Amino acid sequence: MEKIVSLAKRRGFVYPACEIYGGFANSYTYGPYGVELKNLIKNLWWKMFVKDRDDMVGMDGPILLHPKLWEASGHTEGFNDAMIDCKKCKHRFRADHLVEEATGQDLEGDIEGMEKIIKKELVKCPNCDAFDWTDVRTFNMMFKTQMNGYEEDVYLRPETAGAIFTEFKNIVDTMRVKIPFGIGQIGKAFRNEIVAGNFIFRLREFEQMEIEYFIHPKTKWEPLFQNWLDLQEEFTLRLGAKKEDIRRYEHPAEKLSHYSQKTVDIEYKYPFGFQELFGLAHRSDFDLTAHAKASGEKIEYFDPVEKEKFVPHILEPTFGLDRAILTALCSAYNEEDVDGEKRIVMKFPNEIAPVQIAVFPLLKNKEQLVDKAKEVYAELRENYRCEFDDNGNIGKRYRRQDEIGTPYCVTVDFDTLEKDESVTVRDRDSMKQERVKLDELDKYFESKL
Ligand code: GAP
């Protein structure tokens with residue numbers, strides 16, 4: 001993990017935020033290559049799950065939503081985690097995580113059980129080894145704020161899903177959607193996590209890509225559920241993850257919310273072990289019914305063929321964007337031994353590589369080489385994500401592009417000008433070089449990329 005964090009900073013993917021002030025609350029900034037990677041992953045998701053499907057539409061709702069929405073969804077009352085502090089070193093922990101590390105048991109939500117285990121089994125503070133705990137207390141994870149004109153507290157949304165439920169009626173009334181159909185949305189979510197950490201795995205400000213998929217209550221939902229899981233896994237593979245690093249974890253029946261018939265997590269093997277990447281839940285009619293009740297509005301669907309009104313059930317595939325980025329970074333990271341030297345190379349799949357082609361003049365101080373390389377660069381950048389680099393020797397430039405994960409480097413040299421109107425194309429993974437004619441370059445990359 002340390003190596004990945006270090007590369008992410010060194011190469012402009014992810015910086016610790018506000019470093020000049022000593023950092024701030026485990027928050028991060030996506031740098032120039034990081035934001036490219038982020039946008040590419042968002043676009044891939046949007047294309048795969050919204051644009052290319054006839055049964056999906058998109059939307060973009062606000063971060064600040066009516067406080068009644070969070071009451072109706074149960075977040076104001078119940079979106080809590082359990083925390084405990086070490087009285088000696090003042091470190092704060094998620095009580096359920098302490099229990100899980102000590103005993104392997106998942107006691108999320110069971111405050112008494114956690115208290116008993118931590119105090120009876122003499123669980124020591126992982127930071128200072130002391131055994132001197134406060135009581136376990138619950139903590140609501142929503143960020144509160146104030147809004148002009150409103151007396152009551154307003155919250156930053158803890159998930160993007162909320163706005164989809166409140167716009168269901170508008171979308172049904174204004175679009176030509178027919179059940180089964182889904183609504184997709186990408187945006188920021190905020191959770192005042194007790195302990196943020198593991199780089200961009202657990203953040204307090206993060207981004208989600210969520211789908212609410214509406215089905216008839218009598219539909220045989222199991223095949224649809226299976227299909228969404230398969231698609232979530234396919235998306236994970238497109239991020240570059242290996243099949244053996246992905247697994248599914250079904251939440252045990254006794255842990256499910258009362259309204260959920262089934263919840264499955266897609267887990268990825270991060271350097272710190274298998275952890276949740278994405279999730280899929282069957283939420284029955286809980287959300288639409290709760291919002292109808294709290295708002296006094298009827299939220300129903302009318303089937304004009306069957307002449308039938310009903311409250312749809314929901315399948316919810318949810319994706320954490322920052323975890324998707326972390327998965328892409330971890331999957332791409334490779335160290336290789338090349339002639340006794342270590343080569344670090346990010347093997348991103350072509351469709352999410354922030355730079356696809358880097359163009360170099362062999363030498364910086366030969367005007368003709370630089371001009372020709374700039375010409376090649378200007379042409380290629382019309383169709384590909386390109387970068388021009390004339391700094392340092394070619395070996396160093398290759399090493400830099402390897403760490404950015406650029407699949408191809410093109411070098412303009414003296415032969416290009418004087419002999420063969422060709423350039424050297426170097427492949428990131430095989431490191432093999434070949435000469436390609438300038439007038440065939442576009443076609444060459446069309447087939448490669
Ligand atoms: N609407 C359902 C929902 O929000 P969730 O399992 O709480 O479900 C969905 O969150 C996804 O959001 C997770 O699978 C994860 O990828 C991401 N996520 C949740 N909390 C996060 C955090 N603190 N930091 C980064 N990503 C997070």
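**Close-up views of a predicted model**

**View 1. Arg53 and Asp55 form a salt bridge, with their closest N and O atoms 2.7 Å apart.** A salt bridge here is a side-chain nitrogen of Lys or Arg within 4 Å of a carboxyl oxygen of Asp or Glu. Side chains of opposite charge can pair when their charged atoms come close. By this rule the count comes to 37 salt bridges. This is a predicted model, in which local features need pLDDT of at least 70 and side-chain atom pairs count only at pLDDT 80 or more, while totals for chains, interfaces and linings use all residues. Residues are numbered from 1 along each chain as its sequence is written, and side-chain values use heavy atoms, with hydrogens and water left out.

**View 2. Lys119 pairs with Glu115 in a salt bridge whose closest N and O atoms are 2.6 Å apart.** Both residues belong to helix 6 (residues 111-120); they are four residues apart, so about one helical turn separates them. Helices (H or I, at least four residues) and strands (E, at least two) are DSSP runs, numbered from the N terminus. Lys119 counts as partly exposed because its relative accessibility is 31%. On this scale, buried means under 20% relative accessible area, exposed means over 50%, and partly exposed lies in between (1.4 Å probe, protein chains only).

**View 3. Arg400 and Glu387 form a salt bridge, the closest N and O atoms being 3.9 Å apart.** Arg400 lies in helix 12 (residues 394-404) and Glu387 in strand 20 (residues 386-388), so the pair ties together parts that are 13 residues apart in sequence. Arg400 is partly exposed, with a relative accessible area of 28%, whereas Glu387 is buried at 15%.

**View 4. A network of salt bridges links Glu336, Arg343, Lys347, Asp402 and Arg426.** Not counting residues up to four places away in sequence, Tyr333 touches Lys3, Ile4, Leu7, Ile344, Val345 and Met346; contact means heavy atoms within 4.5 Å. Tyr333 and Ile344 are 11 residues apart along the chain, and 7.3 Å separates their C-alpha atoms.

**View 5. Helix 2 (residues 32-51) packs with helix 8 (residues 221-238) at an angle of about 150 degrees, their axes 11 Å apart.** From helix 2, the contact is made by Ile41, Leu44, Trp45, Met48 and Phe49; from helix 8, by Trp228, Leu231, Glu234, Phe235 and Arg238. Axes are lines fitted to C-alpha atoms, for helices over the stretch in contact, and angles run from 0 to 180 degrees between N-to-C directions.

**View 6. Ser73 sits in the loop between helix 3 (67-72) and helix 4 (75-78).** Ser73 counts as buried because its relative accessibility is 16%. Leaving aside neighbours within four places in sequence, Ser73 is in contact with Phe286 and His291. The C-alpha atoms of Ser73 and Lys307, 234 residues apart along the chain, are separated by 30 Å.

**View 7. Met147 is in the loop between strand 7 (144-145) and strand 8 (154-155).** With a relative accessibility of 35%, Met147 counts as partly exposed.
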